[in-house]
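Here is a brief report on selected side chains and their surroundings. Please keep the sequence and the 3D view at hand.

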Amino acid sequence: MDLNARLRQHTGLTPTDQCIRDYFLRHPEKAARMNSRQLADATFTSPSAVARFCRKFGYQGLQDFKNDYFGKLPDAPAFDLPDGDFPFDAQSDTETLVRNILKLEEGTLRRLRATLDLAAFERAAGMLLNAKEIDVCAAGTGLYLLNEFSFRLMKFGFRVNDASNSVNLSYIANRMDDTHCLVLVSYFGQNEQIGRAIHFARKQHTPIVLITAQGNGPAAHLADCILTIPLVESCDNKISTFASAAAEKALLDLLLAKLFQANYDKNCAFVHEDAARLKERRAMTFAAALKSAEDNS
């Protein structure tokens with residue numbers, strides 16, 4: 001397991017260790033240029049805490065730690081990213097605003113590609129393919145992303161249940177069992193609805209696939225398969241989900257593609273047939289809407 005994955009999944013980190021870990025994950029371009037004192041100041045810790053953190057991962061000191069960590073980072077466009085929380089300010093001109101937002105999203109996807117655990121991805125796809133029903137639950141922006149994901153899955157014959165609100169979850173919970181699979185999308189994994197969904201899934205022995213930036217968070221300890229996205233943003237102290245939304249959508253797109261591929265010819269045939277049907281139907285309904293508007297004007 002590479003160092004980036006170990007940083008996310010290590011279970012013995014103190015709160016001080018977590019501050020240092022999160023700084024490396026969120027600001028690698030800054031950490032790369034820091035010595036122990038500078039890193040300690042940036043994380044409100046101490047040089048001795050930085051040294052203990054490095055030894056916890058098997059390194060003599062910060063330099064050895066950085067040599068391994070940065071040797072496996074993605075290429076330059078993903079390395080030096082704008083601030084994930086406030087990538088522009090009141091004085092930013094339009095060119096800077098556009099450049100920073102797009103660089104942030106593109107760089108986040110490059111980091112995702114470099115750090116994606118392909119074995120975990122294959123395992124998650126297999127769990128969904130083997131499930132008789134797929135239950136989905138998300139918080140925040142993930143709600144809208146999961147709606148599209150669910151719609152596409154249903155088009156290709158999968159049975160999908162949305163457990164993202166308390167009413168739906170109360171009904172779905174009674175039907176959960178080991179033939180279902182629960183997909184959770186939560187950047188920090190500590191939303192109330194996410195916790196309730198995990199509780200019911202564990203109680204009913206339903207396998208859980210979690211998409212999150214917190215590979216060592218409370219939800220991750222209860223999931224059967226974890227797909228981590230880059231930790232680029234704060235939980236709440238940010239303008240928007242510029243980075244996390246791009247990464248979450250990308251992972252859901254990858255899962256959809258893998259599931260589609262499992263029955264490729266049949267699914268392609270359906271896409272072509274559905275496209276022809278929709279083309280004809282749209283033309284008819286558009287003409288009808290125009291005529292109705294004219295009649296009522």
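## Ground rules

Helices here are DSSP runs of H or I with at least four residues, numbered from the N terminus. The model is predicted.

## F200 and its contacts

F200 sits in helix α11, which spans residues 192-203. Beyond its neighbours within four places in sequence, F200 is in contact with L169, A173 and M176.

Take A173 from that list. In sequence, A173 and F200 are 27 residues apart. In space, their C-alpha atoms are 5.8 Å apart.

## Aromatic pairs

The structure contains 12 aromatic pairs. One of them joins F24 and Y69. Their geometry is edge-to-face, with 5.6 Å centre to centre and 80 degrees between the planes. F24 belongs to helix α2 (residues 15-26) and Y69 to helix α6 (residues 62-71), so this pair ties together parts 45 residues apart in sequence.

Are F24 and Y69 buried or exposed? Both are buried. They also belong to one aromatic cluster, together with F53, F57, Y59 and F65.

## A nonpolar surface patch

L97, V98 and L102 make up a nonpolar patch on the surface. Together they have about 230 Å² of accessible area.

L97 lies in helix α7, residues 94-115. Why does L97 count as partly exposed? Its relative accessibility is 32%, and the partly exposed class lies between buried, under 20%, and exposed, over 50%.

How values were computed:
Residues are numbered from 1 along each chain as its sequence is written. This is a predicted model: local features need pLDDT of at least 70, side-chain atom pairs count only at pLDDT 80 or more; totals for chains, interfaces and linings use all residues. Side-chain values use heavy atoms; hydrogens and water are left out. Patches are made of residues with over 30% relative accessible area and no salt bridge: like charges are joined within 9 Å, nonpolar side chains (Val, Leu, Ile, Met, Phe, Trp, Tyr) within 5 Å. Accessible areas come from the Shrake-Rupley method with a 1.4 Å probe; for residues, only the protein chains shown count as cover. A salt bridge is a side-chain nitrogen of Lys or Arg within 4 Å of a carboxyl oxygen of Asp or Glu. Helices (H or I, at least four residues) and strands (E, at least two) are DSSP runs, numbered from the N terminus. Buried means under 20% relative accessible area, exposed over 50%, partly exposed in between (1.4 Å probe, protein chains only). Contact means heavy atoms within 4.5 Å. Rings of Phe, Tyr and Trp (its six-membered ring) pair if their centres lie within 6.5 Å; planes under 30 degrees apart count as stacked, over 60 as edge-to-face and the rest as tilted.
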